[in-house]
Amino acid sequence: MKNHFLFRSVLFVLLTALPVANCRSNPQDEKTPVDYVNPYMGNISHLLVPTYPTVHLPYSMLRVYPERSDYTSDEIAGLPVAVTTHRGSSAFNISPVNGTESPAQAIIRYTYDKEKITPYRYSVYLDEENIQADFAPSRQSGLYAFSFEKENTNRLIINTRNGKLETDKKGISGYQLIDNGRTLIYAYFETEQTPSSVEKLTAATGRNEAYVFTFRSKQINLRYGISFISSEQAEKNLRREINTYNVDEIAKIGRDVWNETLGKIEVEGGDDNQKTVFYTSLYRTCERMINISEDGRYYSATDRQVHSDEGKPFYTDDWIWDTYRAVHPLRILIEADREVNMINSYIRMAQQSPDGWMPTFPEIAGDAHLMNCNHAVACIWDAYCKGLRGFDLAAAYKACKGALTQKSFLPWTKVTNTEIDVFYHEKGYYPALKPGEKEYIRETHNFEKRQPVAVTLGTSYDFWCLSQIAKELGKSEDYAYFLKGSYNYRNLYNPETGFFHPKDSEGNFIQPFDYTFSGGLGAREYYDENNGWIYRWDVPHNPADLIRLMGSPEAFANNLDQTFRQPLGKSKFEFYAQLPDQTGNVGQFSMANEPSLHIPYLYNYAGQPWKTQKRIRTLLKQWFRNDLMGVPGDEDGGGMSAFVVFSSMGFYPVTPGSPTYNIGSPIFNHIKIRLSNGKIFEIEASNASDDNKYIQSATLNGIEWNKPWFSHSDIINGGKLALVMGDKANRNWGTQSPPPSAEEIVTSDK
């Protein structure tokens with residue numbers, strides 16, 4: 001009996017193992033990078049709206065996602081055609097209708113089921129109409145396939161929400177106005193099946209205009225092109241990209257494109273959830289900027305003209321306040337040519353504008369001038385100091401200097417200098433209003449306020465970046481002026497409290513003051529979206545000087561510790577009612593907002609890199625997960641996701657504009673980065689696991705490495721960072737050579 005049981009057991013193991021072995025040996029069954037992407041990750045937020053499940057090709061003009069009030073809604077409003085801005089509504093809309101009754105509205109609201117979204121495909125079942133919709137995008141065109149339940153009188157309603165449509169009975173073309181009518185998006189649609197009738201929908205109301213296509217077919221396939229130039233160009237874009245009505249074919253092309261893009265970074269080790277978080281984050285960094293060149297031409301909203309791109313694709317749609325920190329540095333590593341084209345696009349925008357200023361928030365409809373400061377200068381200097389060429393540094397300098405000397409620093413505005421800007425250039429800080437003092441600068445945004453501490457600190461960093469460009473161009477007077485201005489943050493440092501503290505125009509600290517709650521909604525009267533605990537660390541170009549201001553590396557590290565430990569101070573209800581952007585809290589630290597991203601790496605500067613290693617791993621595990629609430633806050637088109645990409649690999653660019661990277665703690669055992677020049681930079685983290693997060697020893701390119709940082713030149717020609725990881729902190733590794741600050745970079749000139 002025993003032998004019989006043993007024989008059956010062995011036979012069962014062999015038989016069940018064979019299919020598994022065959023499955024694993026079949027390349028078609030192996031996961032590729034895009035298979036790990038979960039567009040739903042982070043679609044539900046603690047308070048804000050972090051991510052949308054966007055379907056698009058990397059950096060492409062055409063982007064779509066289902067239109068619903070939020071992820072939990074059981075209704076979608078028609079089917080999308082093209083989103084013109086991050087988180088915007090779709091321009092144009094398609095509503096399929098099943099049956100003989102005349103449609104009564106331009107956009108049908110559907111309950112839906114069986115929704116599936118990948119970066120390169122979207123499918124959904126429309127419940128009441130019994131219609132299966134399937135979609136795949138190209139770069140400037142898209143393809144829908146609609147499968148109806150019956151071969152009946154089936155209809156497609158094509159709508160523009162604020163524009164005009166016309167039809168030649170086979171195709172339909174038209175435009176929609178965006179940005180108060182100053183910018184247009186055009187579209188051209190055509191179907192594989194010939195419609196039996198085409199009629200204008202008289203029930204379309206307000207600014208809606210719609211046509212109804214009627215078919216005697218069970219299957220309706222529709223393809224379309226979009227353009228910012230003309231309807232004719234939209235048709236050309238379609239013809240250039242899609243010559244089929246087969247969604248599978250277009251989806252296959254899109255899948256290959258995504259695998260090529262995401263495959264520039266290969267990771268081994270970790271689990272499937274960690275890989276999903278990693279590749280989903282990498283996918284998020286590819287949503288913006290977008291290439292809007294169309295057959296060698298592009299529409300610029302800066303001067304409302306169509307230009308030749310002169311062989312250099314034109315990019316726009318970038319919220320630089322968010323993306324300069326890590327998205328642009330990531331592209332410098334793996335997509336340098338694209339980054340150069342983006343910088344050239346910045347310069348073109350500046351040259352096309354009447355004032356000549358570098359843009360701050362370039363969008364399809366023009367420079368939105370949102371948030372504060374002018375961080376394009378950081379993108380430009382970061383690229384140049386890391387060896388990128390192919391753009392006019394002198395022209396970039398002129399545009400950046402204009403934005404930093406002629407344009408007001410008032411947040412969310414585009415005006416020339418006001419009297420408080422003159423004050424800043426004379427006194428070195430942005431003045432705050434005294435308690436009870438009424439705002440007297442009429443250009444100040446009513447909601448966003450002055451944000452004087454955020455403006456002073458952010459502009460100090462911008463001045464440092466500009467000083468480095470001036471030095472490179474041999475402009476010695478400008479270099480000295482802006483370098484001096486890069487220390488303006490000192491003017492708001494309160495040595496008694498160790499915080500950056502707003503001052504009034506007479507040089508007095510605002511009193512009484514609470515670094516957690518003073519400043520009104522979003523702390524905007526003094527800071528911006530985050531409170532004084534976050535802005536305490538907003539000197540990314542000069543942590544060494546911040547250490548001096550705080551007294552010692554030990555005091556600096558203790559203050560960092562306290563940031564992660566300090567209680568909210570009020571109930572969550574009260575805290576978030578005042579600071580809704582400062583979510584993802586660990587003490588007063590906010591994982592959910594971009595000014596916090598560099599903070600955990602600052603322990604490296606104080607000789608305690610093991611705390612950076614522990615904190616980074618903890619934050620990634622706590623706040624970034626493969627689920628609907630897996631992003632802690634406001635993901636603005638890649639800004640936060642790039643932090644996840646870098647940190648998961650084990651390093652981070654704390655100071656864009658310095659050709660250096662801080663070392664953290666990699667999640668994966670082996671990372672391979674295909675650099676822009678074709679070389680390979682590898683990171684090997686032996687024994688890395690959830691427990692083994694501490695660096696025991698390291699070598700870089702075969703040489704013993706005892707620094708918690710490395711330079712861009714160490715890796716750009718390929719190489720290998722080999723880390724031995726353990727479960728207890730090695731408090732000797734990396735303690736003696738902190739990363740360089742601004743002073744180390746410019747010591748000979750100070």
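**Pockets, a helix, a sheet and the backbone**

Q: How much space lies in the second largest pocket?

A: Rolling a probe the size of a water molecule over the atoms shows where empty space is left. A pocket is an open set of points on a 1 Å grid over the protein atoms alone, where a 1.4 Å probe fits, with protein on both sides within 12 Å along at least five of seven lines. Its volume is the space filled by probe spheres set on the points, which are joined across faces, edges and corners. Here the second largest pocket holds about 320 Å³. It is lined by 20 residues, of which Tyr-52, Arg-68, Ser-69, Asp-70 and Tyr-71 are the closest to its centre; a lining residue has an atom within 4 Å of a point.

This is a predicted model, in which local features need pLDDT of at least 70 and side-chain atom pairs count only at pLDDT 80 or more, whereas totals for chains, interfaces and linings use all residues. Residues are numbered from 1 along each chain as its sequence is written, and side-chain values use heavy atoms, with hydrogens and water left out.

Q: Which residues lie closest to the centre of the largest pocket?

A: Of its 22 lining residues, Gln-274, Leu-620, Lys-621, Ile-667 and Asp-690 are the closest to the centre. Helix 4, helix 17 (609-623) and helix 18 (639-649) are the elements that each give two or more residues to this lining; helices (H or I, at least four residues) and strands (E, at least two) are DSSP runs, numbered from the N terminus. The lining divides into eight nonpolar, eight polar and six charged residues.

Q: Which residues of helix 3 are buried?

A: Buried means under 20% relative accessible area, exposed over 50%, and partly exposed in between (1.4 Å probe, protein chains only). In helix 3 the buried residues are Val-247, Ile-250, Ala-251, Gly-254, Val-257, Trp-258, Asn-259, Thr-261 and Leu-262. They pack against several elements, including strand 1 (55-56), strand 17 and helix 4.

Q: What is the strand order of the open sheet of six strands?

A: Two strands pair if DSSP finds at least two bridges between them. The order is 17-30-31-35-32-33, and the pairing is mixed. Strand 17 (265-268) and strand 33 (703-704) form the edges, each pairing on one side only. Within the sheet, strand 30 (residues 670-674) and strand 31 (residues 680-686) are antiparallel over five bridges, and His-670 has Glu-684 as its bridge partner.

Q: Where is Met-289, which a cis peptide bond joins to Arg-288?

A: Met-289 is in the loop between helix 4 (272-284) and strand 18 (290-291), and omega at the Arg-288 to Met-289 bond is about 0°. A cis bond also joins Gln-511 and Pro-512, with omega about -10°.

Q: Is Lys-114, with its positive phi, buried or exposed?

A: Lys-114 is exposed, because its relative accessibility is 54%. This residue of strand 6 (residues 109-118) has a phi of about 55° although it is not a glycine. Arg-87, also not a glycine, has a phi of about 75° and counts as partly exposed at 24% relative accessibility.

Note on methods:
Ala, Val, Leu, Ile, Met, Phe, Trp, Tyr, Cys and Pro count as nonpolar, Asp, Glu, Lys and Arg as charged, and the others, Gly among them, as polar. Contact means heavy atoms within 4.5 Å.
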